[in-house]
Amino acid sequence: MTSESEQKIFGKLAELENDIQVLREGYLIVNKRYTAALTSMKSLTASALEAAMRAAVAAEKSALASQSAKKAAKEASIVPIIEATESAAEAAMLAAVAASEAAAAASAAASASASAAAFQAEETALQASAEAASATSRATAAAATAAKMANEANLIAKSVRK
């Protein structure tokens, strides 16, 4: 027969065993959730990087469009076609606005990528964040170029108007 103190010890051991089992199950649930969150953050990082890269390309293309519109405005100013010059200047301005929006999108994507990198603290996330920041820099430079071209096209249109 077991004594009362032995029964207490066995009871406590059974409680501890039960507590350990509950903790183990809780750990498995938390681990699954963490793995799912990490997978989701990796996907977000990749998406944010892609968005930043696409926004940079869009801004660069908008800058090229502004440059072409400026050239069209200049060429149209040689022959007195005021409406064409003004339309080209307006196209340059709209392309500059598009470039600015693309730069803002690249910045937002870079921010999301940086947040993901901070959460993950993994090499791939840090690299994606750096690439997104670089894309933002490209987009901002393209937006500045587009704005310059739009301003020059506008000056050409104003000079033709006089």
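## Exposure terms and the model

A residue counts as exposed when its relative accessible area is over 50%, as buried when that value is under 20%, and as partly exposed in between. Leucine 64, at 52% relative accessibility, is therefore classed as exposed. The structure discussed here is a predicted model.

## Overall fold

The protein has three helices and zero strands. Along the sequence this gives the pattern α-α-α. Of the 162 residues in the protein, 29% are buried.

Among contacts with a separation of 6 or more, 82% are between residues 24 or more positions apart. The accessible surface of the protein is about 10,300 Å², and carbon and sulfur atoms account for 61% of that surface.

## Nonpolar core

The largest nonpolar core holds 30 residues, and Ala59 and Ala139 are the members that touch the most others. Three helices each supply at least two residues of this core: H1 (4-78), H2 (82-120) and H3 (123-161). Helix H3 provides the largest share, with 11 residues.

Alanine 139 has a list of contacts made up of alanines: Ala55, Ala56, Ala59, Ala99, Ala102, Ala103 and Ala106, leaving out residues up to four places away in sequence.

## Residues on helix H1

Leucine 64 is in helix H1. The C-alpha atoms of leucine 64 and methionine 149 are 9.1 Å apart, although the two residues are separated by 85 residues in sequence. Leucine 64 is a nonpolar residue by name, yet its relative accessibility of 52% puts it in the exposed class.

Serine 47 is also a residue of helix H1. Its relative accessible area is 41%, so serine 47 falls in the partly exposed class, which lies between the cut-offs of 20% and 50%. Serine 47 and alanine 112 are 65 residues apart along the chain, and their C-alpha atoms are separated by 9.3 Å.

## A residue on helix H2

Glutamate 101 lies in helix H2. With a relative accessible area of 54%, glutamate 101 is exposed, because the cut-off for that class is over 50%.

## Nonpolar surface patch

A nonpolar patch on the surface is formed by Ile9, Phe10, Leu13 and Leu16. Together these residues have about 410 Å² of accessible area. Phenylalanine 10, one of the patch residues, is found in helix H1.

Definitions and conventions:
Residues numbered from 1 in each chain as written. Predicted model: local features only at pLDDT ≥ 70, side-chain atom pairs only at ≥ 80, totals over all residues. Heavy atoms only, no water. Core = buried A, V, L, I, M, F, W, Y, C linked by side-chain atoms within 4.5 Å. Buried < 20%, exposed > 50% of the residue type's maximum accessible area, 1.4 Å probe, protein only. Helix = DSSP H or I, 4+ residues; strand = E, 2+ residues; numbered from the N terminus. Contact = heavy atoms within 4.5 Å. Areas by Shrake-Rupley, 256 points an atom, 1.4 Å probe, with all protein chains shown as cover. Patch = residues over 30% accessible without salt bridge, like charges linked within 9 Å, V, L, I, M, F, W, Y side chains within 5 Å. Salt bridge = Lys/Arg side-chain N within 4 Å of Asp/Glu carboxyl O.
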